[in-house]
Structure formats: structure tokens, C-alpha cells
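Please look through the sequence and the model below before reading on. The report that follows takes up a few features in turn.

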Amino acid sequence: MSNVRRVRRLRGPVMASAAVTALALTASGCVTVHGEREIVPNASKSEAERALKDFLKAYNAADKAYDPALDAPRITGPLGAINQGGLKSRRVQHPDGNAGHVPLELTDATYSIPKKAGWPRWFMADTKANRRSDLRWLWVFTKSGPDQLWRATYLNLVSPQKMPELKKDADGWAVPVAPTAKDLAMAPTDLGRQYTTYLKSGGDGFAPGDHTTRWKAFRERNSKRAGLAVQYVDEPRNDGAFAPLGLRTEDGGALMFFSTHHYEKQTAFKGLSPKVDADAKALLKGTVRQTIMLERVSNQVVVDPKKNARGAKGADGAKGADGGKGADGGKVAFLGRIQGLTGAKGD
């Protein structure tokens, strides 16, 4: 089972892979806005650089003050939900701000910018950071219209040895994946549904690893805690800023980002009450008598191989991307996952 740590450095509990224990809009074809039909790069490199810089400034200000309002205009989607939930919790616990604030610094940035028509638009920034500098920090930024700001939407930390080679077109631009692409092991819009179904019922569509076999086993053990019944409900998220986004890889597969929503209901036996930790208490609505419902948002990045791939290798070319053996039979393999607490309700 993967280690669990808080990331605020995107605040809130985070479920990350064994190698990733620190910090956590669909590209829907030719959407047209204001008559824009021409297929163009989603951003210039200078625009992408500016978006990353503006986000980082807002993020550090919010982290220092524990004030979610300071970076709310620069963040959205699953990353926004995790970030804002964590900041709200920390602000209640530490109203005077973050006494231990160390600014997040991002360096060695490269940008993968796809081409498409209309809006929304998006790109990926691949950076190093002054936290977990052994890992690559993959940021996805989205922009919903010509008068809107670029907003950080996804973040995952990935071992550089496991990053797949991304495909480029003749002009050097990244190649986006259609949400309903049929030539992948799983269509992008099916990833969330398939993953939540797997967590409930199992299956063979995902390679074994920290975020599949081991997390599922952990939850099964956790549901049988003494004096407590634990139930899980998992939901895919494909709407708006929570929709999957992906880039083609050189081998015909895809590097895919997608999000999910998770609920954990803890019901104590008669005469007992569930324990409420500080993070949940700060977000708590209602009174915990016998039950508490914990709400979490998760964002994940996977390698979705070409359909009918046989004996497909993991992202590192030898081992499976999720730390196990190769993704036999072309299974979807996790590169990373970040999960954060976004709400708690007592009853």
C-alpha cells in the first residue's frame, strides 16, 4: 500500500505512489467559440511560461497566508478542489497563516502544447521543484475562453524514468487525444468509470500496483476495523474542468490525466463514535454522533496503451509504470495519483 502524506504543499491528505510521497475540460474536439474554427496551437511558449509563473506567485501567496482566495482565480478542476479544501482546513487550524512556509520553486520547465480549434484550450508543463527534486512535476493548465485566465487543473509527480515519449507533429507541437478515442485500451472518457468500477468490483483493465491492487486491498482491510464499519462510494468525474485530458505517445498510446470523486462513510458501533482528525474537523459540517462521511477528490495520470497491445511495456520501457511488472496485454498503468480531503459531514 502506498504511503499517505499530506501535501500542501497541496494541502490535505494525499494518496501517492511509493515513489511519489510528496506533493499533488475536455479537449472536446472542435468546440467553437466566437466562430473560431482554425486549428492552432493552444498557447505560445511565452504564454505558457507566463501562466506557470502567475500560478506559482498566487499559489505561494495562498500557502503563506493559508488563504484560499489568493490562488482561487488561478486554479480549477481536481487540483483546485484539493488545493482549496486543504487551504480551508489549514486556515481554520492556523488562522495566523503558515509559520513554516517555504516558497515552492519550479525550474527546468518544458512545455507540451497541443493544437486544436476553439475552446477550451490546454497545455502541460513538465518541471522540477525544490520539493522532491528527484521527480518530475506534471502540471496541466486549462483556459475556458479568450477572456479567461489560464488555471492549473491537474498535478502529478512522476519518476523521470517512467515518463513515456510524447508524440510531436511536423511543427513540433504535441498531439492531443480525442476524448472518445477508440484506438486505446480505454477511451479517455471511460477511464474514471472503469477505475471506480475496478475499486468496487475488481477487473483486469489496470496493471497491478499502488493505486490499483494495493489500494483496493488496503480499503478492504480498512473496512473491517474494530468497532467501525467503513463503506466506500467512488464516482468518475468527466464534466467541465474535471474532464480527462491526454497527449499521444510515440508508440500510439496516450499519457492521460483524469479525475475521480471518493466518499468514505465511517459508522461506529452502538455506544461508540468515529474519530475525527484535525483536517476533517476543520471542514466538518454537522455533528459526529455515530457517522462521519469523508469526501475526497483524486487526480491521476496513467499510460493508456494502444488498443490490443500485446505484452506492452511500462512507461520506463521495462517495468510497469505503477511499479509492478510490464502492463501485460496492454493494461492501463498508473504513473501517479494525488488525493485530497475536500469535505466532511457528521451525523
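## Aromatic rings

How many aromatic pairs does the structure hold? The structure, a predicted model, holds 15 aromatic pairs, where rings of Phe, Tyr and Trp (its six-membered ring) pair if their centres lie within 6.5 Å. One aromatic cluster is formed by Phe55, Tyr59, Tyr111, Phe123, Trp137, Trp139, Phe141 and Trp150.

Arg121 lies over the face of Trp119, at 4.0 Å from the ring centre, and Arg219 lies over the face of Trp215, at 4.8 Å from the ring centre.

## A buried histidine

His261 belongs to strand β11, residues 254–268, a strand being a DSSP run of E with at least two residues, numbered from the N terminus. His261 counts as buried because its relative accessibility is 8%, and buried means under 20% relative accessible area with a 1.4 Å probe, protein chains only.

The side chains of His261 and Glu295 make a polar contact at 2.6 Å (a pair of N or O atoms within 3.5 Å, one able to donate a hydrogen and the other to accept it). Leaving out residues up to four places away in sequence, His261 touches residues including Val233, Asp234, Arg237 and Val297, with contact meaning heavy atoms within 4.5 Å.

## The whole protein and its basis

Of the 347 residues of the protein, 55% count as buried.

Residues are numbered from 1 along each chain as its sequence is written. Local features need pLDDT of at least 70, side-chain atom pairs count only at pLDDT 80 or more, and totals for chains, interfaces and linings use all residues, while side-chain values use heavy atoms, with hydrogens and water left out.

Methods:
Buried < 20%, exposed > 50% of the residue type's maximum accessible area, 1.4 Å probe, protein only. Phe/Tyr/Trp six-rings, centres within 6.5 Å; stacked < 30°, edge-to-face > 60°. Lys NZ or Arg CZ within 6 Å of the ring centre and 35° of its normal. Helix = DSSP H or I, 4+ residues; strand = E, 2+ residues; numbered from the N terminus.
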